[in-house]
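Biologist: I have the sequence and the coordinates open. Can you walk me through a few local features, one at a time?

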Amino acid sequence: MDAATALRARLNDGGRAYGTMAFEFFTPGLTALLRQAGCEFVLLDTEHSGVGIETIKQQVAFARGLGIAVWVRPPAKTYAHVATLLDAGADGIMVPMLETPEEARELVEWARYRPEGKRGCAFGFAQEGYRAVGAVEAQKAANDRVALIGLIETKKGLENAEAILATPGMDIGWMGHFDMSDDFGMPGRFDDPVMIRAFEGLANAAKNTGKTAASADVDMAFMKAQVERGYRCLGYGVDVAVLRAAMSRGIADLKALHG
């Protein structure tokens, strides 16, 4: 069983997973470095980063054989975006601003082969590591491997979170806390009771459906609170925030050497 399939199975069995998101530093060594640091997944962003399919194909190729799952966020909720990323070899898809069970069902149809969905057939290319495989084997392997992640980042998405996660084929509800706080009119106020109820709401929706709640930040106090609420898929911030925080600490330590 490959790493991405094992990771999805572990989460769906109530286990944990740890990783990060990448927005900026799409170098050949990114996935190897992250795996060496202990990441089990990396979520590559194409919604805000501006990178295209060629960059994603390269990152998937660089990650092959390393034991790290490569999940991708497309820039929009369309079949073309989802299918193209999956055919490039993405191990999972995070759809931005998922708000209704109807949208969740569409995602499942786009991303899973029959009988679970209606994904278009293309075999033996990047998504299979260029191996020659039969159609039935390839379809089952892809359905077992690909994680489907709903980014819950609006009030409407939160209201429908349980129905979204109850959709057969959905795996993870990811809390987009910055957009969520903005939608509530309190950007960045994550300790407000309204936001705390939102965090608890997604955690409860995941528990009630047997799915996984996910969250990411560099603030360990925030992440500790998320774990206590029941979040099991955790990301240590994003590449830019991690580098900025580490460099800020390092430069401050260097300056302190001079008293």
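Modeller: Gladly. Keep in mind that this is a predicted model.

Biologist: How do α4 and α5 lie to each other: roughly parallel, roughly perpendicular or oblique?

Modeller: Helix α4 spans residues 79–87 and helix α5 spans residues 101–111. Their axes are 9 Å apart and the packing angle is about 40°. Angles under 35 degrees count as roughly parallel, and 65 to 115 as roughly perpendicular. The two helices α4 and α5 are therefore oblique.

Biologist: Which residues of α5 does α4 meet there, and is the crossing left-handed or right-handed?

Modeller: From α4 come Tyr79, Val82 and Leu86. They meet Leu107, Trp110 and Ala111 in α5. The crossing of α4 and α5 is right-handed.

Biologist: Why do the buried residues of α1 sit on the same side?

Modeller: Helix α1 covers residues 3–12, and its buried residues are Ala4, Thr5, Leu7, Arg8 and Leu11. They share a side of α1 because they cover an arc of only 165° around the axis. The general rule is that an α-helix has 3.6 residues a turn, so residues three or four places apart point the same way. The arc asked about in α1 is 165°.

Biologist: What caps the N-terminal end of α1, and what follows just after the helix?

Modeller: At the N-terminal end of α1, a side-chain oxygen lies 3.0 Å from the backbone nitrogen of Ala4. That oxygen belongs to the cap, Asp2. Just after α1 comes Gly14, with a positive phi of about 95°.

Biologist: Which elements do the buried residues of α6 pack against?

Modeller: In α6, residues 135–145, the buried set is Ala138, Gln139, Ala142, Asn143 and Arg145. They fall within an arc of 170° seen down the axis, so they line one face of α6. The face turned away from them carries the exposed residues Val136, Glu137 and Lys140. The buried residues pack against α1 and β5.

Biologist: Where is the cis peptide bond at Pro115, and what is its omega?

Modeller: Pro115 is in the loop between α5 and α6. The cis bond runs from Arg114 to Pro115. Its omega is near 10°.

Biologist: Is Tyr130 buried or exposed?

Modeller: Tyr130 is found in the loop between α5 and α6. Its phi is near 65°, a positive value in a residue other than glycine. The relative accessible area of Tyr130 is 52%, and exposed means over 50%. So Tyr130 is exposed.

Biologist: What about Met97: how does its accessibility count?

Modeller: Met97 lies in the loop between β4 and α5. Its phi is positive too, near 45°. Relative accessibility is 34%, so Met97 counts as partly exposed.

Biologist: Which residues does Thr154 touch?

Modeller: Thr154 sits in the loop between β5 and α7. It is buried, at 7% relative accessible area. Leaving out residues up to four places away in sequence, Thr154 touches Met97, Glu99, Met180 and Asp183.

Definitions and conventions
Residues numbered from 1 in each chain as written. Predicted model: local features only at pLDDT ≥ 70, side-chain atom pairs only at ≥ 80, totals over all residues. Heavy atoms only, no water. Buried < 20%, exposed > 50% of the residue type's maximum accessible area, 1.4 Å probe, protein only. Helix = DSSP H or I, 4+ residues; strand = E, 2+ residues; numbered from the N terminus. Arc of directions from axis to C-beta. Polar contact = N/O pair within 3.5 Å; in protein donor to acceptor, adjacent residues only side chain to side chain. Axes fitted to C-alpha atoms, helices over the stretch in contact; angles between N-to-C directions. Parallel < 35°, antiparallel > 145°, perpendicular 65-115°, else oblique. Left-handed = near helix turned anticlockwise from the far one by under 90°. Contact = heavy atoms within 4.5 Å.
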